[in-house]
Amino acid sequence: MNQDARPLIRVVAGVVLNHDGDYLLSSRPEGKPYAGYWEFAGGKVEPLENEMDALKREFAEELGITIHRAVPWLTKIHAYEHAHVHLRFFRVAADDWSGRLQAKEGQQWSWQRAGDFTVSPMLPANDALLKALAVPTELFGRLNTGLRGENRMGEYRVVPFAQAEPHHENVWIDENELARRGKLPEAKSVWAVIDEAAQWPRVQDADVVLWRVADNTAAEAVCALLTEGVSLPLAVYADAALMRRFAERWRAAGVHALVLNDETAPV
Ligand SMILES: Nc1nc2c([nH]c(=O)n2[C@@H]2O[C@H](COP(=O)(O)OP(=O)(O)OP(=O)(O)O)[C@@H](O)[C@H]2O)c(=O)[nH]1
């Protein structure tokens, strides 16, 4: 529980991609708390400013580039010694920014491969985020036999925990089963599967939450949860018809991954 009584400072940061699928990180300039630590560029939202304008301003000021479009991603509250911050991260696709990168505040910047970051130290609040970036944004398959996707390190599979073998890194487990076990299974990453919003608070320790969406009502509930802001990556599992209807709205609201249930697809 968050017991810090200090007022929350609103911060925005951008997770910017290039056409190779790498992420832009920059170091904090001299004179700021945690100088030399690596972060996603961004900064405090000014009074009366909206988050998107703050993001655009910070990128222009710090790195000299123009952000044209950004979609919300994760939010996080973190209590530092120097401040109690509410962070909102946005994802910026390779085609959604332009300009030549310049270190305008004497900082360093680097393109990094998710899952294989070579710069350090990172800001302490960002650990879970960096892990989330290695989770692909598009997967397909069937829950019962396993899901497949790809990240910069190669193939990425998620298998049912009940069938997992030691070499399987990513497993999924139903929230009801998780409640019975009382603890997360041991795996590099654990996907908790839910069917409704009421289960969301119970899966906050998972690495990824996968919402099994069966109808329009559940699809709308996903939009509502994303609009509130989520602090861990939310993936949606749906068939082709629901994907066609809702994919754009889920993406715009900040879904991490779309997982196509291809059970009904022709073989
Ligand atoms: N920009 C950025 N800030 C982050 C990240 N993660 C994280 O915990 N923070 C925290 O969010 C706060 C951002 O404030 P800042 O000092 O960068 O803000 P700013 O550029 O507006 O600075 P200023 O006060 O000198 O104008 C800091 O407390 C920083 O530690 C991140 O990935 N990017």
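Here is a walk through the structure, from the whole chain down to two of its residues.

First, some ground rules: this is a predicted model, where local features need pLDDT of at least 70, side-chain atom pairs count only at pLDDT 80 or more, and totals for chains, interfaces and linings use all residues. Residues are numbered from 1 along each chain as its sequence is written, and side-chain values use heavy atoms, with hydrogens and water left out.

Let's start with the big picture. The protein chain contains 5 helices and 17 strands; here helices (H or I, at least four residues) and strands (E, at least two) are DSSP runs, numbered from the N terminus. Its radius of gyration is 19 Å, close to the 18 Å that the globule rule gives for 267 residues, so the chain is as compact as a globular protein of that length. That radius is taken over C-alpha atoms, and the rule is 2.2 Å times the number of residues to the power 0.38. Along its principal axes, the C-alpha trace spans about 55 × 40 × 40 Å.

Now look at how the chain is divided. You'll find domain 1 (9-131) and domain 2 (138-264), with bounds that come from an automatic or database domain assignment. The centres of domain 1 and domain 2, taken over C-alpha atoms, sit 26 Å apart. Where they meet, 14 residues of domain 1 are in contact with 15 residues of domain 2, contact meaning heavy atoms within 4.5 Å.

What about inside and outside? Buried residues make up 51% of the 267 in the chain. The cut-offs are under 20% relative accessible area for buried, over 50% for exposed, and partly exposed in between (1.4 Å probe, protein chains only).

Time to zoom in on A235, which belongs to strand 16 (residues 234-238). A235 counts as buried, at 1% relative accessibility. Leaving aside neighbours within four places in sequence, A235 is in contact with several residues, among them W191, V208, W211 and V259. A235 and E138 are 97 residues apart in sequence, yet their C-alpha atoms are 9.1 Å apart in space.

Finally, hop over to L184, in the loop between helix 3 (175-181) and strand 14 (189-194). L184 is partly exposed, with a relative accessible area of 30%. Not counting residues up to four places away in sequence, L184 touches L178, V190, D205 and A206. L184 and E51 are 133 residues apart along the chain, and 35 Å separates their C-alpha atoms.
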